[in-house]
Amino acid sequence: MEIVPQKIDQIATPNELTPIAIPKNAPDGLRVWANWYFDHAVTTAEISRKEQKRDLSLFIQYMELTEKTDERSRWTPRLAESFKDNMKRSLHEDGSRHWSDRTINRVLVHLKTFSKWVHGLRPFPLGNPMTKIKALPLTNSLEIERAISPGERRRLLDAADLLPVVGGRSKNRRFHTVKVRPRRKGYRPYRNRAMIYCLTETGMRRRAVTAVNLSDVDFGKKKITVEEKGGIRHTYQINKEGLAAIRDYIENERDADFEKWKSPALFLSPCTNPNGNGRLTVQVINDVWNDVCKAAGIKGKTPHSARHAMGRYIIEKTGNVAAVQRQLGHKNATYSMQYARITDEELNGVLDER
């Protein structure tokens, strides 16, 4: 039995350090090392631990896919760089990137901490594989370029308003003589319409939309309070059109699904779904958004584009960075200040007017 003292790193405190007993013949795979890491070195809150586990798992899955093993000695600087490049190139079906630069940098930070800890206990053959891996440069202007334009917002909401009429209708040719085609079983047009309004008229994140409870909506004060990432509750203002769309959904569809699920969630899965607990997943939000964008003729925009658009709208109307910070819930005003920047298209327009 090899007894190795634990190294001190940024996520552990000296008072909480304990020796680690690593059997000489123990498996040398990264999944085993990750378990030791979380058992002996990680002292952060549970929500942070889940995020770190998810990030490390991304790399280990990539390693297993490309190297056909998770053996520690196969984690080299070239493999680390390959993983970083793969995250940068990974795209959704609509052409949007799977991971933002900020997310990639967060994953790299967690990998750096993990590799440093492992290397201190049992050195890698080619040295710490993450030492020379650099974070991606962040450019705030890139974020605002991704915002939906005012014209795209109008087309998006027009397409959403048509959902109760055309959404989920059968495309089978045998119904070509039928005046009103039958609707797909379990399709919820009013719910989908309300979710689009919730995204565009508040700037809410996708996950927040899935976390909203019916009791979180204050129709009188035009506010929605929801638990955001990190477990912090944030209050969004919402306009009367957004509230009207939510009210239409509650009056027309929600009761039937609530009978099955008895869930406090505002937006519910159809009662026809055999699995789940009634609360929607982020993937459902993505699917609804992509369907409505397709109907509106909008390409390359994600639900987060609506959040960026809200930031731009508030800064244009008020010129007040604090107003953006209040609506979007940014802890750091730097994130809110990006919306005061001018886009390349706007700058070109100004210069062309000379």
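**Helix packing around α11**

Reply: Let's start with α8 and α11, which pack at an angle of about 90° with their axes 10 Å apart. Axes here are lines fitted to C-alpha atoms, for helices over the stretch in contact, and angles run from 0 to 180 degrees between N-to-C directions. Helices are DSSP runs of H or I with at least four residues, strands are E runs of at least two, and both are numbered from the N terminus. That angle makes α8 and α11 roughly perpendicular (65 to 115 degrees). Bear in mind that this is a predicted model, where local features need pLDDT of at least 70 and side-chain atom pairs count only at pLDDT 80 or more, while totals for chains, interfaces and linings use all residues. Residues are numbered from 1 along each chain as its sequence is written, and side-chain values use heavy atoms, with hydrogens and water left out.

So who touches whom? On the α8 side you've got R191, N192, M195, I196, L199 and T200, and they meet V284, I285, V288, W289 and V292 of α11 (contact means heavy atoms within 4.5 Å). Sorted by class, that's eight nonpolar, two polar and one charged. For the classes, Ala, Val, Leu, Ile, Met, Phe, Trp, Tyr, Cys and Pro are nonpolar, Asp, Glu, Lys and Arg are charged, and the others, Gly among them, are polar.

Now α6 (residues 150-161): its axis comes within 8 Å of that of α11 (residues 282-296), crossing at roughly 105°. α6 and α11 are therefore roughly perpendicular too. Here R155, L156, A159 and A160 of α6 meet W289, V292, C293, A295 and A296 of α11. The class count for α6 with α11 is eight nonpolar, no polar and one charged.

At the start of α13, a side-chain oxygen of N320 comes within 2.8 Å of the backbone nitrogen of A322. Just after α13, G329 takes a positive phi of about 75°.

For context, the chain has 15 helices and five strands, and 44% of its 354 residues are buried.

Notes
Angles under 35 degrees count as roughly parallel, over 145 as roughly antiparallel, 65 to 115 as roughly perpendicular and the rest as oblique. A polar contact is a pair of N or O atoms within 3.5 Å; within protein, one must be able to donate a hydrogen and the other to accept it, and residues adjacent in sequence count only if both atoms are side-chain atoms. Buried means under 20% relative accessible area, exposed over 50%, partly exposed in between (1.4 Å probe, protein chains only).
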